[in-house]
Amino acid sequence: MPGEEGESRVFRRAGISYLRIPANDPQQTAAFYESVFGWTVDTDRPDPSFEDGTGHVIGHFVTDLAVAGEAGVRPYIYVERIDDTLERVSARGGTTVLEPYPEGDLWVATFRDPAGNVLGVWQRGPRE
């Protein structure tokens, strides 16, 4: 039964739990997400696997999908400090696409990872 002790947190009814992230160089892209967001990655395989910082989302970095760029579904990652995160994105080979902007009591931005995928980040509360 989902939610039992010791069972993975990805088993949540109707929850997004698995992503395949396109990458021409899966090892490099895995290292990017590990260093920017602290994701747990397993690079001892051709299609590195990952678990996000919450343990609710798992997946793989794969070469058999076209890089999404700005098209398609865009995941957004919650962060504590959006400016610090965008600095890490830049330092590790990504670029900011849309600078942080307010959305109610949130700050939202988008970035391009080293593979070319565009994702979003957001934080709650004031931007310090």
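Q: Thanks! Where is Gln 123 found?
A: Happy to start there, and keep in mind that this is a predicted model. Gln 123 sits in strand 8, which covers residues 118-124.

Q: Is Gln 123 buried or exposed?
A: Gln 123 counts as buried, because its relative accessibility is 4% and the cut-off for buried is under 20%.

Q: What does the side chain of Gln 123 reach?
A: It reaches the backbone nitrogen of Ile 82, at 2.6 Å.

Q: And which residues does Gln 123 touch, leaving out those up to four places away in sequence?
A: There is a run from Tyr 78 through Val 79, Glu 80 and Arg 81 to Ile 82, and then Asp 105, Leu 106 and Trp 107.

Q: Let's follow Asp 105, then. Where does it lie?
A: Asp 105 is in the loop between strand 6 (95-103) and strand 7 (106-112). With 49% relative accessibility, Asp 105 counts as partly exposed.

Q: What is Asp 105 in contact with, apart from neighbours within four places in sequence?
A: Asp 105 has contacts with Gln 123, Arg 124 and Gly 125. As for Arg 127, it is 22 residues from Asp 105 in sequence, and their C-alpha atoms are 9.7 Å apart in space.

Q: What about Glu 103, which strand is that in?
A: Glu 103 belongs to strand 6. Glu 103 is partly exposed, at 44% relative accessibility. From Glu 103 to Pro 26 there are 77 residues along the chain, and their C-alpha atoms are separated by 33 Å.

Q: Changing topic: at what angle do helix 1 and helix 2 pack?
A: Helix 1 (residues 26-37) and helix 2 (residues 82-91) pack at about 150°, and their axes are 9 Å apart. That angle makes helix 1 roughly antiparallel to helix 2, because angles over 145 degrees count that way.

Q: Which residues make the contact?
A: Helix 1 brings Phe 32, Ser 35, Val 36 and Phe 37, while helix 2 brings Thr 85, Arg 88 and Val 89. By type, this contact of helix 1 with helix 2 has four nonpolar residues, two polar and one charged.

Q: Is the crossing of helix 1 and helix 2 left-handed or right-handed?
A: The crossing of these two helices is right-handed.

Q: Let's zoom in on Arg 88. Which residues is it in contact with, beyond four places in sequence?
A: Arg 88, in helix 2, is in contact with Ser 35 and Val 36. Arg 88 has a relative accessible area of 28%, so it is partly exposed.

Q: Now Val 57. Where is that found?
A: Val 57 is in the loop between strand 3 (49-51) and strand 4 (58-62). Val 57 is buried, with a relative accessible area of 15%.

Q: Which residues does Val 57 touch, not counting those up to four places away in sequence?
A: Val 57 touches Val 10, Ile 16, Ser 17, Tyr 18, Leu 19, Phe 50, Glu 51 and Asp 52. One of these, Tyr 18, is 39 residues from Val 57 in sequence and 5.5 Å away in space, C-alpha to C-alpha.

Q: Last one: what is the phi of Ala 14?
A: Ala 14 has a positive phi of about 65°, although Ala 14 is not a glycine. Ala 14 lies in the segment before strand 1 (18-22), and at 84% relative accessibility Ala 14 counts as exposed.

Notes:
Residues numbered from 1 in each chain as written. Predicted model: local features only at pLDDT ≥ 70, side-chain atom pairs only at ≥ 80, totals over all residues. Heavy atoms only, no water. Axes fitted to C-alpha atoms, helices over the stretch in contact; angles between N-to-C directions. Helix = DSSP H or I, 4+ residues; strand = E, 2+ residues; numbered from the N terminus. Parallel < 35°, antiparallel > 145°, perpendicular 65-115°, else oblique. Left-handed = near helix turned anticlockwise from the far one by under 90°. Contact = heavy atoms within 4.5 Å. Nonpolar A, V, L, I, M, F, W, Y, C, P; charged D, E, K, R; others polar. Buried < 20%, exposed > 50% of the residue type's maximum accessible area, 1.4 Å probe, protein only. Polar contact = N/O pair within 3.5 Å; in protein donor to acceptor, adjacent residues only side chain to side chain.
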